[in-house]
Amino acid sequence: MRPLGKLAAVAALSVLAVSACGGGGTPAQSAGPKTLRMTVWTASEPHLTLLNEIAAEYKKTHPEVAEIKFESIPAETYTTTLTTQIAGGNPPDLAWILEGSAPDFVASGALAPIKAKLDNAADLIPSVTKLWEKDGELYAYPFSTSPFGMFVNTDLLEDAGQDDPADLVKSGSGPGRRPWP
């Protein structure tokens, strides 16, 4: 699977919006455009700016969605807060579920199946979706598959005339990259 670009992220948001609204009627079935609430584990302005850009792109082709509001929950209490919202009958329409909590969310029945709503389900790499599947069904779209650690032989990069990764990280640039503090 290629790194998730802005267009693919819009598609992921689309799938999440459709699946999230499945339990209580989709926004298209309700009167007037709806506001969707998405919980995220970050309050970083660059993160929220990117998420709002993705939401704006999504809304261009989904007139049933008036607004997507991002609710920032501290990472330390994110899963507890999210599960409390669900148990209390106030689940978000969308949620960025942390990978470490995937098996619990999939097993809980709190997530809607989404495989039939994806155009590219066959293109997803099984190792990427494994945590989000049960009984052949997919319950979340892997929004990000970033490595948790990366080791680089800087001598080989230097010999190949490539930039030092540490310098790229410091500058926030990297080829085709957007700073993600």
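How many helices and strands does the secondary structure of the chain come to? The count is 7 helices and 5 strands, where helices (H or I, at least four residues) and strands (E, at least two) are DSSP runs numbered from the N terminus. This is a predicted model, with local features needing pLDDT of at least 70, side-chain atom pairs counting only at pLDDT 80 or more, and totals for chains, interfaces and linings using all residues. Residues are numbered from 1 along each chain as its sequence is written, and side-chain values use heavy atoms, with hydrogens and water left out.

**View 1. The whole chain, from end to end.** Of the 181 residues, 29% are buried (buried means under 20% relative accessible area, exposed over 50%, partly exposed in between, with a 1.4 Å probe and protein chains only). The chain exposes about 11,200 Å², and 55% of that comes from carbon and sulfur atoms; accessible areas come from the Shrake-Rupley method with a 1.4 Å probe, and for residues only the protein chains shown count as cover. Take the contacts (heavy atoms within 4.5 Å) between residues at least 6 apart in sequence: 67% of them join residues at least 24 apart.

View 2. Now look at F70: leaving aside neighbours within four places in sequence, F70 is in contact with M38, V40, L48, L51, N52 and A55.

**View 3. T42, tucked into a loop.** T42 sits in the loop between β1 (34-40) and α2 (45-60). With a relative accessible area of 7%, T42 counts as buried. What does the side chain of T42 reach at 3.0 Å? That would be the backbone nitrogen of S44. There's also a polar contact of 2.7 Å between the side chains of T42 and H47 (a pair of N or O atoms within 3.5 Å; within protein, one must be able to donate a hydrogen and the other to accept it, and residues adjacent in sequence count only if both atoms are side-chain atoms). Setting aside neighbours within four places in sequence, the contacts of T42 are H47, L48, S72 and I73.

**View 4. The salt bridges.** The structure holds 2 of them, each a side-chain nitrogen of Lys or Arg within 4 Å of a carboxyl oxygen of Asp or Glu. One joins the side chains of E71 and R37 (2.6 Å, N to O), linking distant parts of the chain, with E71 in strand β2 and R37 in strand β1, 34 residues apart. E71 is partly exposed at 24% relative accessibility, while R37 is buried at 19%. Another pairs K60 with E57, their closest N and O atoms 3.1 Å apart. Both K60 and E57 lie in helix α2, 3 residues apart, about one turn of the helix. K60 is exposed at 63%, and E57 is partly exposed at 33%.

**View 5. T83 on helix α3.** T83 lies in helix α3 and is partly exposed, with a relative accessible area of 36%. A polar atom of the T83 side chain lies 3.0 Å from the backbone oxygen of T80. T83 and F105 are 22 residues apart in sequence, and 8.9 Å apart in space, C-alpha to C-alpha.
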